Amino acid sequence: MNHALILPILLPLLTGAGQLLCYRAPFAVQRLLGFASTGWLVLLGIWALATAGSGDYLLYQAGNWPAPFGIVLVLDRLAAIMLALTAVLGLCCLVYASGGTDQRGAHFHALFQFQLAGLNGAFLTGDLFNLFVFFEILLIASYALLLHGGGRARSRAGLHYVIINLAGSALFLIALGTLYGLTGTLNMADLALRVAEAPSEDEPLLAAASLILLVVFGIKAAILPLLFWLPRAYSAASAPVAALFAIMTKVGIYAILRVFLLVFALGEEPINATAWAWLWPLALLTLALGGVGVLGSDSLRTLSAYLVILSVGTLLATISLVTPAALGAALFYLIHSTGMAAVFFLLADLLGQQREEGYDRFSATGPIGHRRVLGTLFFIAGIAMAGLPPFGGFVSKAWILQASASEPRGLWLWGVLLASALLVIIAISRTGSSWFWRPAEMARPYPLRRGLLTLVCGMVGLNALLAAFGNPVMGYLELTAEQLLAPHGYIAAVLPDVLASATEITP
C-alpha cells in the first residue's frame, strides 16, 4: 500500500511525458489523457484523506533506502489535505481549459500535468533538497503556462515572474548549503534533531538560514514586500491557468508550516520564534494591502489577484498565533479562499466573453450578454468571497476571529480582517452595480457556454457544501493542527531508530 504514495507524483509525470510524445495525435487524445490522470489524482486525494485520517504517517522510501540517506515521501493530514485540494482544483481548471483555452498554444496539457506533479511532490517530500527540486518543476511549468497564448502583457508579466522566482531559487540554495554545512543533512526530520542539538556558536547561522527560507517561502506565498509580481502575473494569465495558480501561493504557506513547525521548532529556545515575530506584522500589512488593492483594482482579474494576496495575509496572520484553534481555522480558510479565488478568475473570463468591449475592465459599462444569469452567479460568488453567510468564508472567518479573541494580539487581527472584508464588499458591490444594475442586455448576446457556466456554479456549490459540513471538516483540521504542533510524531515515523537513541529534546 505504501507504493501508492508515489502515484500522485509519478502519474502526472508519466502522463505529461506521454502527451509530449503524442503531440501530433488528435487533440482529443491529449484531453483524454489529462482527464484520466487528473481524475485518478482526485481518487488518490480521497484515499490520502482517508489514510491520513487515522493519525498515522505513511512513508515511501525510494529504492528502499532508509531515511535520512534516501529520498522519503511522507503523508500526514496536512499533506493529504493539500493533495486533495490540488487534485479537485486541477480537475476543475482542466475542464474549463478544454473549452478552448488549451488550443491557444503548444503543450498545454503536458505542462499542466508537470505543474500538478511539482505541486504534489512539494506536499509529499520529506527533505528540503527535494522540496527545492519540486519547486523548480512546478515553477518551470508555471513559466510556460503563464505565457500560454502569447501576447505582450503576458511576456512582461512572465519576465517579472521569472526574475523574482529565480532570485528566490538562488536564496533557497544558499539556505540549503548553510544548513547542510552545519548539520550534514537535509532530511527534515533528521534536520530538526540536529538543529535542536546544534552548538551555541552555530545558532546565529542557523537563524540566518531560517530567515532566508522565510524570504524564499514568502516569495512563493506573496507576502509583503515580496508580492508585487503577483497582480500583474495572475491578471495576465489565461483564466484556467490563473485559477490553478490560486494554489501556488498556498505552496509557500505549506512550506512555512512544514519547515517552521518541524525543522526549527525543537529545543528550549526554538529558532522559529524569530520567524513568527517577523511574520506577524508582515502578514497584517499584506492583509491590509490586499484589501486596498481590491478596492483600487481596474479589472475583475486584477481584483481576483488582490483577493489572493488578501487571503495570504489572512492565513499567515492566523498561523502566526501558533495555536491549535488558529491553525485549524487557517486551514479551513485556506480551502475556502483557494476555491473561491479560482472561481473569480473563471468568472472574469465568462463575463469578459459577454461584453462588447473592455473584457473584464471596470471602466467599460456597456451592455452585457445573459445579464440575469451571470449577474445572479456574480452576486452569489461575491457573497461567498466576501465572507458572508451561508458560505465557507463566513464560517472560516468566524472561527479565525474566535481563535484570536483570547490572544493578546487578536484585536489587531480583528480590526484589519474586518476592515479588509468591508473593502471587499464595497469593491464587489460597486462592480456588480455598474455591470448588472444599469446596463441593458445585449441585443444579440454571444453564445454562453453552459458547460463552463455549470462548472463555475458547481465550484460555488462546493463552497456551500464546505460550510454545510463545517463541523466534521473542522474536526479533521483541528486534528491536523495538533499533529503539526507535535513534531516528534513526524520524526518518530521517519527516523524511529534515530529518535530512540537521541537525547530527550524539549519541544
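Biologist: How do the residues lining the largest pocket divide by class?

Modeller: The lining has 20 nonpolar residues, three polar ones and no charged residues. Here Ala, Val, Leu, Ile, Met, Phe, Trp, Tyr, Cys and Pro count as nonpolar, Asp, Glu, Lys and Arg as charged, and the others, Gly among them, as polar. Mind you, this is a predicted model, where local features need pLDDT of at least 70 and side-chain atom pairs need 80 or more, while totals for chains, interfaces and linings use all residues. Residues are numbered from 1 along each chain as its sequence is written, and side-chain values use heavy atoms, without hydrogens or water.

Biologist: What makes something a pocket, and what volume does the largest one have?

Modeller: On a 1 Å grid over the protein atoms alone, a pocket is an open set of points where a 1.4 Å probe fits, with protein on both sides within 12 Å along at least five of seven lines. The largest pocket has a volume of about 730 Å³, which is the space filled by probe spheres set on the points, joined across faces, edges and corners.

Biologist: Which residues line the largest pocket nearest its centre?

Modeller: Of its 23 lining residues, Leu85, Val88, Ile335, Leu462 and Leu466 lie nearest the centre; to count as lining, a residue needs an atom within 4 Å of a point. Helices H2 (27-52), H3 (77-97), H14 (324-352), H18 (450-468) and H19 (470-484) each give two or more residues. H3 supplies the largest share, six residues. The helices are DSSP runs (H or I, at least four residues), numbered from the N terminus.

Biologist: And the second largest pocket: what is its volume, and which helix gives the most to its lining?

Modeller: Its volume is about 370 Å³. It is lined by 17 residues, with Gly375, Phe378, Phe379, Gly432 and Ser433 closest to the centre. The elements giving two or more residues are H15 (371-386) and H17 (410-437), and H15 gives the most, nine residues.

Biologist: Why is Gly432 called buried?

Modeller: Buried means under 20% relative accessible area with a 1.4 Å probe and protein chains only, exposed means over 50%, and partly exposed is in between. Gly432 is at 16%, so it counts as buried. This glycine sits in H17, and its C-alpha is 7.3 Å from that of Phe378, 54 residues apart along the chain. Not counting residues up to four places away in sequence, Gly432 touches Phe378 and Trp437, where contact means heavy atoms within 4.5 Å.

Biologist: How does Thr15 come out, buried or exposed?

Modeller: Thr15 has a relative accessible area of 11%, so it is buried. This threonine is in H1 (residues 7-21). Leaving aside neighbours within four places in sequence, Thr15 is in contact with Leu33, Ser37 and Gln113.

Biologist: What makes a set of residues a nonpolar core, and how many residues are in the largest one?

Modeller: They must be buried Ala, Val, Leu, Ile, Met, Phe, Trp, Tyr or Cys residues joined through side-chain atoms within 4.5 Å. The largest core has 186 residues, and those with the most contacts inside it include Leu75, Leu128, Tyr234 and Phe344. H14 provides the largest share of this core, 19 residues. Contacts of Tyr234 beyond four places in sequence include Trp229, Phe245, Met248 and Phe345.

Biologist: How do you know what length to expect for H13?

Modeller: The expected span is 1.5 Å times one less than the number of residues. For the 20 residues of H13 (residues 300-319) that gives 28 Å, and the end C-alpha atoms are 28 Å apart, so the two agree. H13 is mostly covered, with 19 of its 20 residues buried.
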